[in-house]
Amino acid sequence: MHIQPNGSSPPGLWLSAVLLLTLLLSACDNGTSTPVPLPNAPDSLQEEILTATAQIDGYVLEGSRQIDDSTMEYTYRASLNNDDFPASRVTARIVETPDGITLIDGTLSFDNVIANGSKDSSKSFVLRRDLSLPFRVEDLVWIIEAERKASLSFEAGQLELRMGLGETRDISYQLLAFNPDGTFRDLNLRESSDRGLRLGNSNSGTIRLASGSNSYRLSQTVTSLEAGRFELALSASLPSASLPSAGLEQSVRISVIVEADSDGDGVPDELDLCPDNAAGDTVNNAGCNPADVVDTSAFRDLQVGQITFRIREDNLEEEYINGILTSLQASGSLLLLTPLGEIVLQEAELVFEYGDSALAGIERLRGTAQVPFPSVGILADAEIGTPVIADVGLDYGSNLADLEAPLVDSRQYLFFKFSAGFEASIGPIGFEAPGGQSVTFVLDPLDPFFFLTGSLPGLSEIGGVEDLGIAMSLQGLIPFVPDTTWGIGDEIGNFDANLYLQGVIPFARLPLNLDGSLVVDVDVNNDGKTLFNSLSPDVEYGGNGILNVGIDFLKFFSFGFELGSASLGIKITDGEQNAYFSGMLDPDTDFLPPELVPIRPSATVNMAGLISDDIAQSFLRGEGEFNLDASSLGRLVGIDLNDLNTTSATFSADRNGIRLTGLTRSSIYPGVGFDGDAQLDANFTGSPTDWGIGIGGQMEIAGTPISQGKLQVSTAGMFVSGDFVTPLTRIGMSGKIDARGIEMRGNTGITIPISSTAVEWVVNGAICGYDKVKDGAICGFDTVTNGAICGYHAVTDAAICGFDTVTSGAICGYHSVTNAAICGTRWVGSFLDCIGSFVTGKGCREIAATCDVASTCNIASTCDIANTCSVPASCDIPRGCNTNVVLPKGEFRGDIELLLGNQGIGGEVSGDYCYAGECTTLAGGRIKAGSSGLEACITIPGGIGEVCAPI
């Protein structure tokens, strides 16, 4: 089997219905053509030609590498969306590519894929691209091959039909059958119903199945004959005689609930106070003609906030605690009287809880019931599928935070929480609870306003979404205020809306995906054309959250990125379709293809843009700090280039390409620097051969200042220019940088006066030098204190010479001592005493004598010190010598060619030397560094030699 993708978007699942609605897109036929009546077949059978096919839908880039300067290699995986029939051994191969694409491996495999399923490929495909040509991976054309077995799929638009007595309704079915080979097979159809129903069409019979895909639409007209619950069924089978391996059979059953409504006012007789009063009859303020009111004692009205619950007394049970009425338990069917209108709750099991007392009134409600759907206002045409039992409650918004709905704390809301099985629709919008998931329906009877979470099949052109919250205000009172409007001014404004969406919201016809909240004004100009009743309404959307953006308005490539703290505004009118957005892009995000445009934010930056149906108006702009990796461009020109970091940079993109401008101090190449901020201008516009980077400012190249420098890098090479400025002139220079390094050249003219010389005797120290002499008559005198020159004189001065220690009575005086060694001894007593001492033991004795001795003291010393005198001074005097005196002798008029290279600046000098009316062409001059800067030097013939002049 061969399937050629038709390029149409896959059928959408959900709320995108509410989102981009029909507006963002043109209407679609949901993959089928108009049904064609089938002759000689069961009544109401129509054959449908299937146009939806399996197709490649979505790519993921797994890797890329550069083969050479002009070729990139990419590795992708892809996903496949299957058609209405199961397939096995599914493969895909590329059969057509854009110019400049070479396939390395153009095949994919998907194994088995269920009907209407999506699956990622089990392997990758590889291609190479010529970078000089535009390419979008979406432009690849595939052929998909698969094996198919015989299959049947049978479904009805509704699985439960609620009717009034005697009412006639139409039911539709769809039958899909796949016949795997060229053999015609008979498909048998059988129908049945309970006797309380009358069927207007016969769908029983036999259909001859052709080979391949077959789709049929069947319809049944049902008339209810009596009140009660009934069932009708339709079965399809391929008998085993037709299929050698085994037969196939599918059936669908529909429950029909017939309710008696004698007066046709929409309230079942079971709950109607006046079952004989038809809508429009003259009634009293209770809504009934007094003659038609049944016994009111059979009913009780329970007031909960703005809602009145009417229930039959025999379905109500009171519960008391300690003699106080605390709650009421209700079962069966209830009638809700709300500002929205009347709503019927069936199969209810509810508990009404009072506050402190019955007099305080009912504060809350909990229980279960079949899910209703209000049929008023913009919900007037709502259709509900198979009703399901849900948890029911009524409480203040402050107690319902777990519902995650946009509720006001002080208002009361009626809510329903249910699981899979709920389906309802309003015009193009469908609501459904995805399998196994809990869904919430919230109703505010005062706005009227409701909030619902779940899944919404909706419009066929909208991408699928699940777990989305949707609120609807019939008065259009849901406010929208954008979180940010940077870069787009008042294009996203404040407004009030009818719809509120919360969750992950994809837009099928726009490259946008919002994870957050979205509000929708369904009728901007209030002309009555809304997305519920018109294919061309004027609609406005406003959203806040995390926004994934795809940019596909460029000529040579597309790209995408995620914006945080983002706001989105979409305006769709008869004449325009514009989507504005603004948000924050995280640092180091490779939001562009790095091998083509290597720009990424180096800090969090602002981004904003417009995606319009008029590509000429679409744009993207950003502001902040960016990094530009010039290495990929450097590889194209054979030079190793460094990253450039910018400050206060501006990023812009439109259909012509991408541009980044800002300030940088980064050195893109060794030896090239900037004095202060330089202006960066990186252009990726037009053809890739025209892409380039420009930098301008005060530069320093190989250590040489260059004024008003400009550097340009492109596929043609790397070029530099600027002015070399001296005190005398400004020289324009230009050149290039390649694998060999820097080469810049510039030229200017120069005139050097040439002079002759004569010999003259001069006395001049600056010319001839100096002699040192010592002569008082010439140099004057110096006063010195020097003993060697001036002699000495003696002084006795302790302050100068110090002290001597002497022992002299004449100088120091005397003092008395008693010392035998110094003064001798003497006897004490008389002579007789001395003699008698031998007998008596006492008498005279010998003791030390006392005498005067000289004292010791310090006296000033005597020394010699230098005398002071005047001596001749020394000084330098100029010498005399012969020297040259300059005399005018012609001039040199020439050109200077400066060369700035890796080692610095140099150059050459050439021109004409003219003297006495004759000129000689000279070459071979040089540039040298002098005391005042660069000098141009040239050698003049005739013995004059080399002469130089400042440049």
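This is a predicted model: local features need pLDDT of at least 70, side-chain atom pairs count only at pLDDT 80 or more; totals for chains, interfaces and linings use all residues.
1. The largest cavity holds about 50 Å³ of space, and about 40 Å³ lies in the second largest cavity. As a general point of reading such values, rolling a probe the size of a water molecule over the atoms shows where empty space is left.

2. Lining of the largest cavity. The residues that line the largest cavity are L554, K555, F556, F557, R655, N656, G657, F684, G686 and W691. Sorted by class, this lining comprises 5 nonpolar, 3 polar and 2 charged residues, and the residues that line the largest cavity include K555 and R655 as well as F684 and W691.

3. Lining of the second largest cavity. Here the lining is made up of Y173, E191, S192, L199, N203, Q220, L232, A233 and L234. Strands β15 (185–193) and β19 (228–238) each contribute at least two residues to the lining of the second largest cavity, and the largest share, 3 residues, comes from β19. By class, the lining of the second largest cavity has 5 nonpolar, 3 polar and 1 charged residues.

4. The largest nonpolar core. This core has 120 residues, and within it F651 and I658 touch the most other members. Strand β40 (residues 559–572) provides the largest share of this core, with 7 residues. In soluble globular proteins, nonpolar side chains tend to be buried together.

5. The surroundings of F651. When residues up to four places away in sequence are not counted, F651 touches F591, L592, I599, M607, L620, R621, G622, F626, I658, R659 and L660. Among these contacts is I658, which together with F651 touches the most other members of the largest nonpolar core; the contacts of F651 also include R621, G622 and R659.

6. Q346. This residue lies in strand β25 (residues 341–354). Which residues does Q346 touch, not counting residues up to four places away in sequence? The contacts of Q346 are R162, E259, G332, S333, A369 and Q370. With a relative accessible area of 12%, Q346 counts as buried, because buried means under 20% relative accessible area.

7. V442. Strand β32 (residues 439–444) is the place of V442, and the relative accessible area of V442 is 0%, so V442 is buried. Along the chain, V442 and M472 are 30 residues apart, while their C-alpha atoms are separated by 9.9 Å.

8. Strands β37 and β38. Strand β37 (residues 499–507) is mostly covered, with 7 of its 9 residues buried, and β37 pairs with strand β38 (residues 512–521) in the antiparallel sense over 9 bridges.

9. Why is β38 described as largely enclosed by the rest of the structure? The reason is that 7 of the 10 residues of β38 are buried.

Conventions. Residues are numbered from 1 along each chain as its sequence is written. Side-chain values use heavy atoms; hydrogens and water are left out. A nonpolar core is a set of buried Ala, Val, Leu, Ile, Met, Phe, Trp, Tyr and Cys residues joined through side-chain atoms within 4.5 Å. Buried means under 20% relative accessible area, exposed over 50%, partly exposed in between (1.4 Å probe, protein chains only). Helices (H or I, at least four residues) and strands (E, at least two) are DSSP runs, numbered from the N terminus. Contact means heavy atoms within 4.5 Å. On a 1 Å grid over the protein atoms alone, a cavity is a set of points where a 1.4 Å probe fits but cannot get out, and a pocket is an open set with protein on both sides within 12 Å along at least five of seven lines; lining residues have an atom within 4 Å of a point. Grid points are joined across faces, edges and corners, and a volume is the space filled by probe spheres set on the points. Ala, Val, Leu, Ile, Met, Phe, Trp, Tyr, Cys and Pro count as nonpolar, Asp, Glu, Lys and Arg as charged, and the others, Gly among them, as polar. Two strands pair if DSSP finds at least two bridges between them.
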